[in-house]
Amino acid sequence: MNLDEVDTPPDLIQLLSAEERERAGRFAFARDRRRYQRAHIGVRRVLAQLLGASDPSAVHVRTRPDGKPFLADTPWLHFNLSHSDSVAVVAVSEHAEVGVDVESCRVIDDADAMVLAHFSPTEQAGWHSVARDLRDRSFLRCWTRKEAVVKAVGTGLTIALDTLDVGVGGERRRVRCHEAGGAPWALDLATVELPGGAIVSVAHRARSDA
């Protein structure tokens, strides 16, 4: 959704949780505050439509202890939200945990340091092999893929990003990570580039470990 074009009646702001309203209030600029509010109201509208509810107020979003949102009345419907500048994306799954990340294309001033700190050796080699004028997009593809995986698993799981090999391209692939002291996760990962230039990655917990 385009957060600068979507219509948000003032009464819908009351649908936001106290935590969301507090976070919205931290933004220094009104435009950023509106975008945040519209994104979080927008996810309720999407979920209400999927659930056949005419009123978004029927959607009760809660937050787990690990920071991941869920539906209190419909725990089987998994969802995730990401927004960057004016672009917001919602990923929804009826089967398993899902994570999404979107980033507007831009120059990454500290890309070299970020790659060294957070990319796996294979990803570092892949990124350095890309032409310099394409490296910002390559970086963002890899970054959104890592973020999507982490968001699918939940922030309660601390993952060293340099151990998470997701690739610097946009190819579909299956990735694996481990919960501390728990079973490994297998996630299917895909990346798309939107017409306006934003990059979106979605990670979905695999239904089988094939």
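Arg141 counts as buried, because its relative accessibility is 17% and buried means under 20% relative accessible area with a 1.4 Å probe and protein chains only. The model is a predicted one, in which local features need pLDDT of at least 70 and side-chain atom pairs count only at pLDDT 80 or more, whereas totals for chains, interfaces and linings use all residues. Residues are numbered from 1 along each chain as its sequence is written, and side-chain values use heavy atoms, with hydrogens and water left out.

Arg141 lies in helix H5 (residues 135-153), helices being DSSP runs of H or I with at least four residues and strands runs of E with at least two, numbered from the N terminus. Leaving aside residues up to four places away in sequence, Arg141 touches Val168, Gly169, Gly170, Thr191, Glu193, Ile199 and Ser201, where contact means heavy atoms within 4.5 Å.

Helix H4 (residues 121-128) packs against H5 at an angle of about 155°, with the axes 10 Å apart. The two helices, H4 and H5, are therefore roughly antiparallel, a term for angles over 145 degrees. To this contact H4 contributes Glu123, Trp127 and His128, while H5 contributes Arg135, Ser138, Phe139, Cys142 and Lys146. By class, three residues of the contact of H4 with H5 are nonpolar, two polar and three charged, with Ala, Val, Leu, Ile, Met, Phe, Trp, Tyr, Cys and Pro taken as nonpolar, Asp, Glu, Lys and Arg as charged, and the others, Gly among them, as polar.

Technical notes. Buried means under 20% relative accessible area, exposed over 50%, partly exposed in between (1.4 Å probe, protein chains only). Axes are lines fitted to C-alpha atoms, for helices over the stretch in contact, and angles run from 0 to 180 degrees between N-to-C directions. Angles under 35 degrees count as roughly parallel, over 145 as roughly antiparallel, 65 to 115 as roughly perpendicular and the rest as oblique.
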